[in-house]
Amino acid sequence: MAFSQTGSQLRMSYLDVLEAEAVHIIREVMGTLDRPVLLFSGGKDSAVMLHLARKAFLPGLLPFPVLHVDTGHNFPEVIEYRDKVVAEHQLTLRVAHVQDYIDDGRLAERADGSRNVLQTVPLLDAIQHHRFDAVFGGGRRDEEKARAKERVFSLRDEFGQWDPRQQRPELWNLYNGRHDSGGHVRVFPLSNWTELDVWNYIAREGIPLPSIYFSHTRQVFQRGGMWLAPGEWGGPRRGEQLQERRVRYRTVGDMSCTGALPSEASTIEAVIAEISVSRITERGSSRADDKLSDTAMEDRKREGYF
């Protein structure tokens, strides 16, 4: 935390305020709930979440595990980053594999090849199996309208589902983690952050990220107005031409639905400059599954996806 001095007053920067709020929320969960877990996909938001959680408990190790729902269609660079971070910080990693559910018939492949929407069942099963009662996520209110009205402490029933009538008001910094038996609480310490806040914090704290967040040369093909990477998930199809382009990813997820953006931004400073003038949200520009319908995210939220 850095302070600037004006006269006799010490002032916190806006990043200090966001950091302090997030650390307070993380410690509040640890003090009131028994079995937290942190969702860790290897994306920038979960990287910031992990950094804040570690900071909340330094000099000790992270006192709870991290959980990754592996779709089987992940970017190799992201899996490499995940495993490196887990080893470096001596984290306990739990992985729920979508492929296991497809192999034994509990889930079926979708016609569009996307497995992003198939993550919900493995996620809820992992929460139930490990009896997690608090699940930290990196969701932010600026991402999408379904997230905009989300609470910091979001109650989920015994089926992992979200019911708007069960959500509690959150006055000042008072959070209520009480939940029925079998239910749990989703916790979003980054709720009040924007994408630009996240990048400015990454720059200030020197948080490493997967290389695909920065401009690089990659083979991509166009589908539905998005530049997708080829892979075993089913792309490209007949008539879709591979092209070599300079791109970067604004968000990471299942390869089948995560689009790359033409970009020359190869440094954090260049990425921040690029985002500062963008008028399109990261999900609006790079996540095909969010465009399936006007209520796609709302529907998945209700089912327990986030």
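## Around R218

Leaving aside residues up to four places away in sequence, R218 touches F75, E77, I212, A229, Q243, E244, R245, V247 and Y249, where a contact means heavy atoms within 4.5 Å. This is a predicted model, in which local features need pLDDT of at least 70 and side-chain atom pairs count only at pLDDT 80 or more, while totals for chains, interfaces and linings use all residues. Residues are numbered from 1 along each chain as its sequence is written, and side-chain values use heavy atoms, with hydrogens and water left out.

R218 lies in strand β9, which covers residues 216–223; helices (H or I, at least four residues) and strands (E, at least two) are DSSP runs numbered from the N terminus. Is R218 buried or exposed? Its relative accessible area is 13%, so R218 is buried, a word used for values under 20%, with exposed meaning over 50% and partly exposed in between, for a 1.4 Å probe and protein chains only. The side chain of R218 also makes a polar contact of 2.6 Å with the side chain of E77. Such a contact is a pair of N or O atoms within 3.5 Å; within protein, one must be able to donate a hydrogen and the other to accept it, and residues adjacent in sequence count only if both atoms are side-chain atoms. Along the chain R218 and A260 are 42 residues apart, and their C-alpha atoms are separated by 9.4 Å.

## The sheet of four strands

Strand β9 belongs to an open sheet of four strands, in the order β10-β9-β11-β12, with antiparallel pairing; two strands pair if DSSP finds at least two bridges between them. Strands β10 (226–228) and β12 (261–262) are at the edges and have a single partner strand each, so one side of each is left without a neighbour in the sheet. Strand β11, residues 243–248, is joined to β12 by two bridges, and the two run antiparallel. V247 is the residue that stands opposite P262 in β12.

## Helix α8 and its buried face

Helix α8 spans residues 268–276, and its buried residues are I268, V271, I272 and I275. Seen down the axis of α8, these buried residues fall within an arc of 100 degrees, so they line one face of the helix; the arc is taken from the directions from the helix axis to the C-beta atoms. An α-helix has 3.6 residues a turn, so residues three or four places apart point the same way. The buried residues of α8 pack against α7 (195–205) and against β11.

## The sheet of six strands

A second open sheet holds six strands in the order β5-β4-β3-β6-β8-β7, and its pairing is mixed. Its edge strands are β5 (93–97) and β7 (153–156), each of which pairs on one side only.

Strand β3 (residues 36–39) pairs with β6 in the parallel sense over three bridges, and V37 has V135 as its bridge partner in β6. On β4, β3 is joined by two bridges, again running parallel, and L38 stands opposite V66 there. Strand β6 (residues 134–136) is in turn joined by three bridges to the parallel strand β8 (residues 184–187), where V187 is the bridge partner of F136.

## Two buried histidines

H68 is placed in strand β4, residues 66–70, and counts as buried because its relative accessibility is 4%. Its side chain is joined to that of R82 by a polar contact of 2.8 Å. Not counting residues up to four places away in sequence, H68 touches several residues, among them F40, S41, N74 and L93.

H51 is found in helix α2, residues 44–57, and counts as buried at 18% relative accessibility. With residues up to four places away in sequence not counted, H51 touches Y201, E205 and I207.

## The chain as a whole

The secondary structure comes to ten helices and twelve strands, and of the 306 residues of the chain 53% count as buried. Among contacts with a separation of 6 or more, residues 24 or more positions apart account for 71%.
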